[in-house]
Amino acid sequence: MLGIEAARVIIAEALKAGQAAGMKPLSVVVLDAGGHVLAFERSDGSSPGRFDIARAKAHGAVMLGLGGRAQMSRAEAQPYFMAALSGVYEGKILPVPGGVLVRDAVGAIVGAVGVTGDTSDNDAEAALAGIVAAGFVGEA
């Protein structure tokens, strides 16, 4: 199960990975398997709008069962479909890297992480670092 303690580890390690890599200030949100926020933190210097971006990245991942990279590929191949999904989810999906599924040891989806602040690919790498540090498997 993905609980508050694991969420705190994910956030701390994602922020640490971003800082170690020289990334811009990051914001990190962790959602449970139902799309509910477990925890959020933003680095000093991160803009206040980053919560909504991070949440949309994670929300899309957990609701669709697809990491941000897979969502982006789908959006490129079927833009009308992803636009329709954006309506279904009231604009709370952002199909770009940085939304990462969290899976347990048997492969079940237990939540998602959304990271924003640097390039989308760097955001995804920071998320993956946090997820692995907490003992889970990430799917970017």
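One aromatic pair is counted here, under a rule by which rings of Phe, Tyr and Trp (its six-membered ring) pair if their centres lie within 6.5 Å, with planes under 30 degrees apart taken as stacked, over 60 as edge-to-face and the rest as tilted. The centres of the F40 and F51 rings are 4.9 Å apart and their planes stand at 85 degrees, so this pair is edge-to-face. The pair links distant parts of the chain, since F40 belongs to strand β2 (residues 37-42) and F51 to helix α2 (residues 50-64), 11 residues apart; helices (H or I, at least four residues) and strands (E, at least two) are DSSP runs, numbered from the N terminus. F40 has a relative accessible area of 30% and is partly exposed, and F51, at 21%, also counts as partly exposed, where buried means under 20% relative accessible area, exposed over 50% and partly exposed in between (1.4 Å probe, protein chains only).

The model is a predicted one, in which local features need pLDDT of at least 70 and side-chain atom pairs count only at pLDDT 80 or more, while totals for chains, interfaces and linings use all residues. Residues are numbered from 1 along each chain as its sequence is written, and side-chain values use heavy atoms, with hydrogens and water left out.

Strand β2 also holds E41, which is partly exposed with a relative accessible area of 42%. Not counting residues up to four places away in sequence, E41 touches I11, L15, L26, S27 and V28, contact meaning heavy atoms within 4.5 Å. Between E41 and G114 there are 73 residues in sequence and 11 Å in space, C-alpha to C-alpha.

In helix α2 one also finds H59, and this residue is buried, its relative accessible area being 13%. With neighbours within four places in sequence left aside, the contacts of H59 are L31, G35, Y89, K92 and I93.

How do helices α3 and α4 cross, and at roughly what angle? The axes of α3 (residues 68-77) and α4 (residues 79-88) come within 5 Å and cross at roughly 120 degrees, the axes being lines fitted to C-alpha atoms, for helices over the stretch in contact, with angles running from 0 to 180 degrees between N-to-C directions. The two helices are therefore oblique to each other, because angles under 35 degrees count as roughly parallel, over 145 as roughly antiparallel, 65 to 115 as roughly perpendicular and the rest as oblique. On α3 the contact is made by Q71, R74, A75, E76 and A77, and on α4 by P79, F81 and M82.
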